Amino acid sequence: MKNNSVTIGIIGFGTVGAGTAKILLRKRAELESKLGFPLVLKNIADLDTKRDRGIKLPSGVLINDAKAMLNDPSIDIVVELMGGIHPAKEFILQAIKNGKHVVTANKALLATEGHEIFKAARKSKVDIGFEASVAGSIPIIKVVRESLIGNNIQSIYGIINGTSNYILTKMTDEGIDFGTALKEAQALGYAEADPTFDIEGIDSAHKLTILSSLSFGIPLSFTKIYTEGIMKITPLDIQFASEFGYKIKLLAIAKQADSHIEVRVHPTMLPKDHLIANVNGVFNAIYIEGDAIGSQLYYGKGAGEMPTGSAVVSDIADIARGIKTGLSCRTHGITMTENPELKIKKIDDIRTCYYLRFSALDKPGVLSKISGILGSRDISIKSMIQKGRKVEKAVPVVMMTHEARENDMARALKEINRLSLVSEKTIYLRVEGGEN
Ligand code: HSE
């Protein structure tokens, strides 16, 4: 080992661990020539030391004891790629305590326990790199924290979960239902055997927690993010959305509105010609509006062995450069000073346009009843479609509204759903990228 090298230990030899190891080992010479010093992968710790990950490690690199690595004084950077909260958190805190810099892809851990980790890192004066925690290969953390530092970010929103985007794309292109599309995603290895975090919007909310804190200086606020998944989306709503000129996407949205920040994850209707509406399959994309830049779009692979490995290696290289130049401690917090003035807006208080699908009996007076209730709550209808004519049976009546307050909409729908002429709970979706 050359004495000018930076030495790395990885905890977790799963998909991202294997991708990171492949880049570090196979591109050792190129990385050394770009950096001017070698990156040495000393150990990878994983309980499973037998499974083939498609890479042959030099003898002695793979070990089954992470603690030995944490206590090894020769290791400069510990890379946590095991996922989950425990014992990942304890391993990271131990690494920090022992003066090691940390790289992690663990969005769930940072979103829920990040304060403690960043506080410990500040105290020990070590770096935390977390580029791979949001949107895989897209260097969005670096962009927001470094490249756009001269901007006041007005909004940052996008598709940051590839699994749910794959499912919605399949449903849109092939007219299949949610369950069938989910099974296909699982068969192709996109969705986990337990895909709850992906389809319920929780994975997106973890990532949005990190992005919104970086963008607006608010504390990590995972529990305050309104989160809704894609399980209730039907081919019928996708079809109606299309007739109105929209596509349905699971969006993670953070934007400044008045003196508040809106942070929310939910299925959203976007005009078909919006750039984000055309992001399909497992791809991720993030749209940013800033006062100096106007708008920018970032697009790429949000998951997978090599794309996520690429993001991990970027953090390793950044931190290694810092170690060599003495300019470390650049990445040791989400933001240096949190902005206590900016409060997260309650979902009840947001204003947006809505898509509404009523299941109503096709009888005289039904529409005037429904529109009367909407009108009494200050909700104005923009356009409407009614399909089919079934005497004595419910037909879908679909409306797009102008901007309205969420709480007014919730109250109006409660009243409408109680009408005897309305046979099922009304479906509603929020709309972005239009008049609001
Ligand atoms: N499960 C995530 C997704 C990938 O589907 O995008 C890792 O963040």
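Tutor: A salt bridge is a side-chain nitrogen of Lys or Arg within 4 Å of a carboxyl oxygen of Asp or Glu. The model before us is predicted, and by this rule it contains 25 salt bridges.

Student: Which residue forms a salt bridge with Glu174, and how far apart are the closest N and O atoms?

Tutor: Side chains of opposite charge can pair when their charged atoms come close. In this structure Glu174 pairs with Lys170, with 2.7 Å between the closest N and O atoms. The two residues are 4 apart in helix H7, so about one helical turn separates them. Glu174 is partly exposed, at 43% relative accessibility, whereas Lys170 is buried, at 19%.

Student: Which salt bridge links Lys255 to a distant part of the chain?

Tutor: Lys255 forms a salt bridge with Glu432, the closest N and O atoms lying 2.9 Å apart. The partners are 177 residues apart: Lys255 belongs to strand S9 (residues 246-257), and Glu432 to the segment after strand S18 (422-431). Lys255 is buried, with a relative accessible area of 16%, and Glu432 is buried at 4%. Both residues also belong to a network of salt bridges that includes Asp258, Glu262, Arg264 and Lys345.

Student: Where do the partners Glu415 and Arg377 lie in the chain?

Tutor: The side chains of Glu415 and Arg377 meet in a salt bridge at 3.4 Å, N to O. Glu415 lies in helix H14 (residues 406-417), while Arg377 is in the loop between H13 and strand S15 (381-386), 38 residues away in the chain. Glu415 is partly exposed, at 29% relative accessibility, and Arg377 is likewise partly exposed, at 26%.

Student: Let us turn to helix H8. Which of its residues are buried?

Tutor: In H8 (residues 178-187), the buried residues are Phe178, Ala181, Leu182 and Ala185. Viewed down the helix axis, they fall within an arc of 100°, so they line one face of H8. These buried residues pack against helix H7 (162-174) and helix H9 (196-199).

Student: Which exposed residues does the face of H8 turned away from the buried side carry, and what follows the helix?

Tutor: That face carries the exposed residues Lys183 and Ala187. After H8 comes Gly189, whose phi is positive, near 80°.

Student: What form of surface patch do Leu275, Leu297 and Tyr299 make?

Tutor: Together they form a nonpolar patch on the surface, with about 290 Å² of accessible area. Tyr299 is located in strand S12 (residues 294-301) and is partly exposed, at 48% relative accessible area.

Student: Finally, where is Lys346 found, and how far is it from Lys247?

Tutor: Lys346 is in the loop between strand S13 (343-344) and strand S14 (351-361), and it is exposed, at 61% relative accessibility. Lys346 and Lys247 are 99 residues apart in sequence and 26 Å apart in space, C-alpha to C-alpha.

Definitions and conventions. Residues are numbered from 1 along each chain as its sequence is written. This is a predicted model: local features need pLDDT of at least 70, side-chain atom pairs count only at pLDDT 80 or more; totals for chains, interfaces and linings use all residues. Side-chain values use heavy atoms; hydrogens and water are left out. Buried means under 20% relative accessible area, exposed over 50%, partly exposed in between (1.4 Å probe, protein chains only). The arc is that of the directions from the helix axis to the C-beta atoms. Contact means heavy atoms within 4.5 Å. Patches are made of residues with over 30% relative accessible area and no salt bridge: like charges are joined within 9 Å, nonpolar side chains (Val, Leu, Ile, Met, Phe, Trp, Tyr) within 5 Å. Accessible areas come from the Shrake-Rupley method with a 1.4 Å probe; for residues, only the protein chains shown count as cover.
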